Amino acid sequence: MAKRKYRNGISLFGYSVFHPINLLLIANVFVYIMQLLAGGTGILEYYFALTPSRVFQGYYWQIFSYGFLHEAYGIPFAHLFFNMYVFVMFGGLICKYIPSWKFTVIYVAAVLMGGISVILAPVFVQILGIHYPMDLLHTTTLGASGGVTGILVLFGILFPETEVFLIFFRMRARYAAWIFVGGGFIADIVSVYYFHSPFVVSNSCHLGGAIGAILVAPWILKDGFLNSGKIFLKKTAQKNSPSKPKVLSLEEDWDSQTKKNRELLNELAQSITYSEKKIFLTPLQQTNVNLCPPPTFQPKDPFCLRCEWFPNCALRKLNTDQESDFGRI
């Protein structure tokens, strides 16, 4: 399991402020503030948001830079907030299990593939002869949702059976990103058919982000790369060198953690009083943890059983149950 290294100093969402999750979050917020300070002139959007016609004129950086801008003139902060909320929520869980550089590579790949898909969309519309009520060649796309969709795909790869709530529906993580993308296309079709106007989101960007993650993630997460801090591993070993401890694959690591947590549950089941359970759990507590919300803790849930912070959640639930029992007396 990838262990997080904590530094003394400022932390945010359980990670160092210099962790890629927080750096990307800060970058998006900073650019959004710059957009607001621009006062609606659209200068940042002109040069850095993604417009296919401008990319064809040489603004190639827009394929990536669009992922740091958000809608600043509609509902205040809504576009930025929802993208960053999903990014931090799922990204924070993912980075407990994989190195941060791998998370960053997959996110960047999703953003780039989302941008490429936006550029290709008007080409496909032209080739297929689709009469779409919007000039996609000159339409501007901005927002981190391409990369965020890639993070949803990555979460589904790592935790396929975990249930998540997305757009007010409960679903397995393996399907979440694709339901989100498919729902966007359906909404677009309905909007065009009934209102003769396209939907407000860039479905091509979301689809591209999902494709980018699904293409890159299996390669970068494969055995031999998973727990390594280096992309290129040395294949030669020195003679008579001491044997190195075996590096567990992701599945083996999860199985090991699940076994430990099941043993912990068995020990708790044998304890009768709250005090006995607290005495058992207290030495197992870890510091600087980023726990999930209390209602999401389910001891039998596969995701919870894989978590190294299971004892922290168990003690928190124990304290809550004890307070509830005292309240009934």
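**Entry 1: Asp188**

I began with Asp188, which I found in helix α8, residues 173-195. Helices here are DSSP runs of H or I with at least four residues, strands are runs of E with at least two, and both are numbered from the N terminus. I noted that this is a predicted model, in which local features need pLDDT of at least 70 and side-chain atom pairs count only at pLDDT 80 or more, while totals for chains, interfaces and linings use all residues. Residues are numbered from 1 along each chain as its sequence is written, and side-chain values use heavy atoms, with hydrogens and water left out.

Is Asp188 buried or exposed? I list Asp188 as buried because its relative accessibility is 9%, where buried means under 20% relative accessible area, exposed over 50% and partly exposed in between, with a 1.4 Å probe and protein chains only. Leaving aside residues up to four places away in sequence, I found that Asp188 touches Tyr132, Pro198, Phe199 and Asn203, a contact being heavy atoms within 4.5 Å. I also looked up Asp188 and Val201, which are 13 residues apart along the chain and whose C-alpha atoms are separated by 8.4 Å.

**Entry 2: helix α6**

Next I turned to α6, which covers residues 100-128, has 29 residues and reaches 41 Å from its first C-alpha to its last. This is close to the expected 42 Å, the expected span being 1.5 Å times one less than the number of residues.

Where does the kink in α6 lie? I found the kink, of about 30°, at Leu120, shortly before the proline Pro122; the bend at a residue is the angle between axes fitted to the seven residues ending there and the seven starting there. After α6 comes Gly129, which has a positive phi, near 70°.

Ser117 is also in α6, and I count Ser117 as buried because its relative accessibility is 14%. Beyond residues up to four places away in sequence, Ser117 touches Ser204 and Gly208.

**Entry 3: helix α5**

I then followed α5, residues 78-94, whose 17 residues reach 24 Å from first C-alpha to last, close to the 24 Å expected. Its buried residues include Leu80, Asn83, Met84, Phe87 and Phe90. Which elements do the buried residues of α5 pack against? I listed β2 (15-16), α1 (20-37), α6, α7, β3 and α12 (302-305).

**Entry 4: salt bridges**

How many salt bridges does a search of the whole structure find? I noted four, a salt bridge being a side-chain nitrogen of Lys or Arg within 4 Å of a carboxyl oxygen of Asp or Glu.

One of them joins the side chains of Arg172 and Glu161, at 3.4 Å from N to O. This pair links distant parts of the chain, eleven residues apart, with Arg172 in strand β4 (residues 169-172) and Glu161 in the loop between α7 (145-158) and β3 (163-166).

Glu161 also meets the side chain of Arg174 in a salt bridge, at 2.5 Å from N to O. Here too distant parts of the chain are linked, 13 residues apart, since Arg174 lies in helix α8 and Glu161 in the loop between α7 and β3. I count Arg174 as partly exposed because its relative accessibility is 35%.

Asp321 forms a salt bridge with Lys317, with the closest N and O atoms 3.1 Å apart. I found that both residues lie in helix α13 (residues 310-328), four residues apart, about one turn of the helix.

**Entry 5: the whole chain**

Finally I looked up totals, and the protein chain has 13 helices and four strands. Of its 329 residues, 42% are buried. Among contacts between residues at least 6 apart in sequence, 69% join residues at least 24 apart. The accessible surface comes to about 19,200 Å², 65% of which belongs to carbon and sulfur atoms; such areas come from the Shrake-Rupley method with a 1.4 Å probe, and for residues only the protein chains shown count as cover.

In the model, residues 105-128 are 100% helix and 0% strand, with end C-alpha atoms 33 Å apart. Residues 12-34 are 65% helix and 13% strand, and their end C-alpha atoms lie 22 Å apart.
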